[in-house]
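Reader: I would like to go through this structure with you and ask what stands behind the words used for it. Shall we start with the domains?

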Amino acid sequence: MSTQSSVLKRSRKIASQLVAILLISAASFWYASDSSRGKGATPASATQSAPAGPLPAPNALRNAYFGDLHVHTSYSLDAYAMGNRNDPRVAYRYGRGEAVVLPGGVRSQLRVPLDFMAVTDHDIWLGEISLCQDPADPAYNTSICRDLRWADQDYDTSRTLFTGLISSYFDISPARHNTEICGDVAPGERNKCVERARSIWKQIQRNANEFYQPGLFTTFAGFEWTAGFKRVGMLHRNVIFRGGKLPDTVLSAVELNNTPERLWQWLERDCTDDCQVISIPHNTNWGWGRDFATENSDGSPFNADGLKRRARTEPLVEIHQVKGNSECSTGLGTDDEQCNFEQLFKPCKPGEEAFCARAADYVRNALKTGLVLEQQYGVNPFKYGFIGSTDTHSSAPGSTDEATWHGAHGLTDSRPESRLDRELAERVPIKEIAFNPGGLAGVWAEENTRESIFDALKRRESFATSGTRIRVRFFAGWNYPDDLDRRPDLLQRAYRDGVPMGGDLPPSPAGTRAPRFVVWAIKDPSSAGLQKIQVIKGWAEGPKTFERVYDVACSDGLAPDGKTHRCPDNGAKVNLTDCSYSSNKGAAELSTTWTDPDSNPSDRAFYYVRALENPTCRWSTYDAHQLGLKLPDNVPATVQERAWSSPIWYTPSAQ
Amino acid sequence: MPLSTQTEIEVETVATSLSIVDEGEPRECHLTSWRRAAIPWLKTPSLRSVMREPLAHFLLAGALLLILSSLFGRSAAGNNRSRIQVSAPEIQRLREIWTRQWGRPPDAKQMDNLIADYVREEIYYREALDSGLDKDDTIIRRRLVEKMEFLSQEIASTNDPSEADLQQFFESNRQKYSLPAEAGFTHIYFSSSRRGAAAFQDARDVLARLESSQISRADAAILGARLGDNFMLRSEYPPQTRDQIKNLFGDEFAVKVLELESGKWAGPVRSTYGWHLVCVLEHVAPRLPALSEIRSQVAIDYKNQRLQAASDGYYDRLRKRYQVEIDQGALAAAKSQAVPAPSAAPTAGSAADVD
């Protein structure tokens, strides 16, 4: 027993270190020397005023664009400590399709450039990392700064330092700045780290503006608001601005005492007029039950005004990224067999607090809870549309290809040997092999501009992918014809007589009973064919919630079973020795017009689509091949890449 | 040769720091701007005309060199100044510091890195002393070196490019900005998923109808989805390069479309998704765009180049002035004591692949 308790103690200690790590991975930095000295700096709008030519006419029926809204660079504390020295300009160059040398020395280039992106460096320690690189400041010679600057030395140094730094220096869950760097001044105007962060925030905006090319490549100014709590629990959010006059500075999780309610208040107060902003939570799988708690972050009960503010500010959630999938987890509120996908944690055992999964951490369950909360408070605080993104800490946005992934954590996972075998940092009990290359954000927008793409995000006409470029459309209406997906005026009619993904189905008109859905997906032109499309429905009967998964379109001429609602196996195979896959299985395109067979117009409900590819090799299989090793037995050899539409909600007329 | 080599170097150092490293411009331009900023009395008309005389330039330059030579000449101590010896005790010292910090001795690669850093540090240190950066404070040697490093970053990060800078950069990199052939097109889609093997024949039948019925291109485009199937991507594209078309439809389709005659329906052309009848609306030949079309792109590249040149060029130029002598025996001995690394580290830059 004593052995056990010492193991327990040790694992608690590790956990606290992990917390710090995660915070770090959320927090970030910067190093560019020019921002802080500002005088000769580029005006924020210097390059954006010169578009290459007239934009093509906007498409009223909307185009799909792919982006990455979660990207860390050398401005981020943890990325810097992992030895990543590529700054936001390098990240933008990578995202727009240029070849770039990644941490570790590999030269890499996206096969297909991104259409849009945001660099979202960690808010906390923005000033500290900058000061650490400024020889004109006394902080430069502190031992913590010396250590940080050493982190890009080589793989082992970076690993050792990252481990050391997170445990000894970055225990930042009690919100505070580092006094060694910032001095003993309380956070506020006179704290030099806060002052420095203000000038870096200006630099962040200049970087975004420099790379914005309307019609070709849209960039957003933003940052990651990195609130944490015990044992690396994450209340993290990416804050993305549409444009206009942005707030003067970033009020970080330190300044706002790790309190999301204060973030929403601040944004509402300081982002006004032509400034628009959204805040996108992520890694709810690291929430230890807190991200979708049914009370305020201080434990006080919800109130309608606070929830309204939250719902206004947070229309989206990032459900897939490097550090795991947050849609759902088989066995936690669902028996959906497809929820066992890129899960980082196992279900919590009794008494287990952190680094384990509970039902409340998952988005699908939160959507269900939201239906109940809406009955209580008149507002649904968990009315989330979906995006995916990478959360790269290697300044490599959009690098989601399983076959050519080079890691996401600077030098620490830049080598296949370490990705397959090592833990995230020394003494940290999370294997790098459990990570994945992350996802992409898709939107349906009229054109590739800040205004158009931001507005699509805001109205939730967005979808998430696991990194593939499946395109998916989803509409709902009461009076759609039952073959609408095949009609030539499909889109005109779908918009006119119904709502797209992210929307609200109006109350059922007299004489109608079941809503109808147009479901449509096409494959990534450079990946495997589609296996099937599913509709996932959740609903509430009073305080009780339910869910059901329907396969609605199967490939290869198959049809869903009427009882199980599942497509038969289409027989697609992967050759694990060379990763080739059946080219004669799967569909280039699947579509259907689907009617809910179990509709009850008096129940609140949501519906979303999940489109699945045939299996292909997981990144770890490619890495094992490269090294001539046998395939790892602790992860699947293949994955089914997928896309998720944002939900459509149905609310009965006043009851 | 009235001046010593040493003095020439000093002058170059000063000129560099005044001119903010810009290889593209003749050095004269910098002296001009420096003159204006620093010596207001030069603005009076009579002096201005005097200053236009080549003799005045010569005298002024000579005086400047004299001043500089007297300021810095003291440090000219023959060849020793440009010789760096990494001696056995120094190698041992570096090794010990590292070992203390990391709790294990450096391996061979780390030892090399330590030496390379030491050399770099020594060079910067000497340069810094020569530039007089030690005058204002009693700050330590490392700090001086970092000031020099900082200077190189500062140099690159100040100043917006002028229109003339951009124009010049654009002219000298024109080939890089050549645009490949593009084609704008409209198309009618026949889904293989929906029609199976019949998709190809259906497309041919519709093509025959289009050819015989004289349906106008505009009408056919509008009729597209009625004649074929709905397509999730766009039905009409403005001019696109082969890569852009490939990313949407696959390469076979991209190659074909760029070869089609414009103004008439053709096909069926196969894509990743099925078969298409395609009407090329416009071919755009490969060309060099005007600066105005790609100004923001050029501005980004120009800034990248300046940053790169500053970080690479600054040290390289300094490094060239030095002969470095390393006690190879002592280095080899230090390396042989190294504990082998747990796994082989990749050599930076050697593993090149492209996503």
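Author: Gladly. Domain bounds here come from an automatic or database domain assignment, and this is a predicted model. For chain A the assignment gives domain 1 (2-48 + 58-457) and domain 2 (468-650).

Reader: How do you know that domain 1 of chain A and domain 2 of chain A are in contact?

Author: Two residues are in contact if their C-beta atoms lie within 7 Å. By that rule, 32 residues of domain 1 of chain A are in contact with 33 residues of domain 2 of chain A. On the domain 1 side, the elements that give two or more residues are strand E1 (63-68), helix H12 (363-377), strand E13 (385-388), helix H13 (416-421) and strand E14 (440-445) of chain A. H12(A) gives the most to that side, with six residues.

Reader: What classes of residue make up the side of domain 1 of chain A that touches domain 2 of chain A?

Author: That side has 17 nonpolar, five polar and 10 charged residues.

Reader: What makes the largest nonpolar core a core, and which residues touch the most other members?

Author: A nonpolar core is a set of buried residues of the nonpolar kinds such as Ala, Val, Ile and Phe, joined through C-beta atoms within 7 Å. The largest one has 152 residues, and A:Ile240, A:Phe386, A:Phe517, A:Val518, A:Val519, A:Ala521 and A:Ala611 touch the most other members. Helix H9 (residues 192-211) of chain A gives the most to this core, with eight residues.

Reader: Why is this core said to lie between the two domains of chain A?

Author: Domain 1 and domain 2 of chain A both give residues to this core, so it lies between them. As for one of its members, A:Val519 touches A:Phe474, A:Ile533, A:Val535, A:Val552, A:Ala553, A:Ser591, A:Thr592, A:Trp594 and A:Val609, leaving aside residues up to four places away in sequence. There is also a second, separate core of 24 residues, which includes B:Tyr189, B:Leu210, B:Phe231 and B:Phe249.

Reader: Why is H9(A) called mostly covered?

Author: A residue is buried if 20 or more other C-beta atoms lie within 10 Å of its own. In H9(A), 15 of the 20 residues are buried. This helix reaches 29 Å from its first C-alpha to its last, close to the 28 Å expected at 1.5 Å a residue. Strand E10 (residues 276-281) of chain A is mostly covered too, with five of its six residues buried.

Reader: What joins strand E9 of chain A to E10(A)?

Author: Two strands pair if there are at least two bridges between them. Six bridges join E9 (residues 237-243) to E10(A), and the two run antiparallel. A:Arg237 stands opposite A:Pro281 in E10(A).

Reader: Which strands stand at the edges of the open sheet in chain A, and why?

Author: The open sheet has four strands in the order E17-E16-E19-E22 (chain A), with antiparallel pairing. Strand E17 (499-500) and strand E22 (589-595) each have a single partner strand, so one side of each is left without a neighbour in the sheet. Seven bridges join strand E19 (residues 516-522) of chain A to E22(A), where A:Val518 stands opposite A:Thr593.

Reader: How many residues of each chain count as buried?

Author: In chain A, 58% of the 655 residues count as buried. In chain B, buried residues make up 23% of 355.

Note on methods:
Residues are numbered from 1 along each chain as its sequence is written. Chains are lettered from A and ligands numbered from 1 in the order in which they are written. This is a predicted model: local features need pLDDT of at least 70, side-chain atom pairs count only at pLDDT 80 or more; totals for chains, interfaces and linings use all residues. A residue is buried if 20 or more other C-beta atoms lie within 10 Å of its own, exposed if 12 or fewer, and partly exposed in between; C-beta atoms are placed from the backbone. The expected span of a helix is 1.5 Å times one less than its number of residues. Ala, Val, Leu, Ile, Met, Phe, Trp, Tyr, Cys and Pro count as nonpolar, Asp, Glu, Lys and Arg as charged, and the others, Gly among them, as polar.
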